[in-house]
Amino acid sequence: MARRTGGSTAMARRLYLSLYNWVAFYGLAQVLYGTVSALMAESGGHGAVYAAVEPPLLFAQTLAVIEILHSVLGLVKSPVSATFAQIFGRMYVTWAILWSLREAQSHILVTTLMLSWSITEKLVGNCLQVIRYPFFGMRETFGFAPSWLLWLRYNSFLVLYPIGMLSEVGLIFVAMPSMKTSGRYYLHHATTAILLLYVPGFPYLYRYMIARRKKVLLAAKIA
């Protein structure tokens, strides 16, 4: 009976994580599609990117909050501290900067941020969003993922993650003057404090991902 219950729990976990990853993949794929479409449109450009991606962006980044719960409950192996740090940072930039401050929405850094967030993203073994989510989706749904998808997942972040991080910080600096002029000093103070967290935060997260990459690729090579 205990073995049957354990098997049912494992199956429920796989079904849930499979569904979550495919839904998250769809949301980030829409962000990537919207970004590219806005850039290629005749009347588009960098200033049109945010308007084109806002609904799926808000959906996908807010949905990602669940990943903190995944870590807390042990559904995934990602450490809670690292997962919380990255999710919190992206949520802050998404809602407190991009959604609430129009001054930041038309900046060229929105383009680099959307590309890095949708192509590469989420730490803790959660490198590429558009690659990461189907990777987990295939693994949970079918029990395996192609080797080329594994390689992309653990290599693309080496360049794209720093680009995303610099885009986040750049947009924060772009938005901060308007916080003062609009009288939102509380937001300005909070943003200043969060900026300081990027100093130790980025090296910590980047080193973690590199260590994780080495471990996973070595295991895959041995296997």
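Guide: Gladly! Buried means under 20% relative accessible area, exposed over 50%, and partly exposed in between, with a 1.4 Å probe and protein chains only. This is a predicted model, where local features need pLDDT of at least 70, side-chain atom pairs count only at pLDDT 80 or more, and totals for chains, interfaces and linings use all residues. Residues are numbered from 1 along each chain as its sequence is written, and side-chain values use heavy atoms, with hydrogens and water left out.

Visitor: Which residues of α4 are buried?
Guide: Helices are DSSP runs of H or I with at least four residues, numbered from the N terminus. In α4 the buried residues are A82, T83, Q86, I87, G89, R90, Y92, V93, T94, A96, I97 and L98.

Visitor: Is Y208 buried or partly exposed?
Guide: Y208 belongs to helix α10, and its C-alpha atom is separated by 8.5 Å from that of A82, 126 residues apart along the chain. Its relative accessibility is 23%, so Y208 counts as partly exposed.

Visitor: What kind of pair do F157 and Y206 form?
Guide: Rings of Phe, Tyr and Trp (its six-membered ring) pair if their centres lie within 6.5 Å; planes under 30 degrees apart count as stacked, over 60 as edge-to-face and the rest as tilted. Both F157 and Y206 are buried. Their ring centres are 6.0 Å apart and their planes at 75°, so the pair is edge-to-face.

Conventions:
Helix = DSSP H or I, 4+ residues; strand = E, 2+ residues; numbered from the N terminus.
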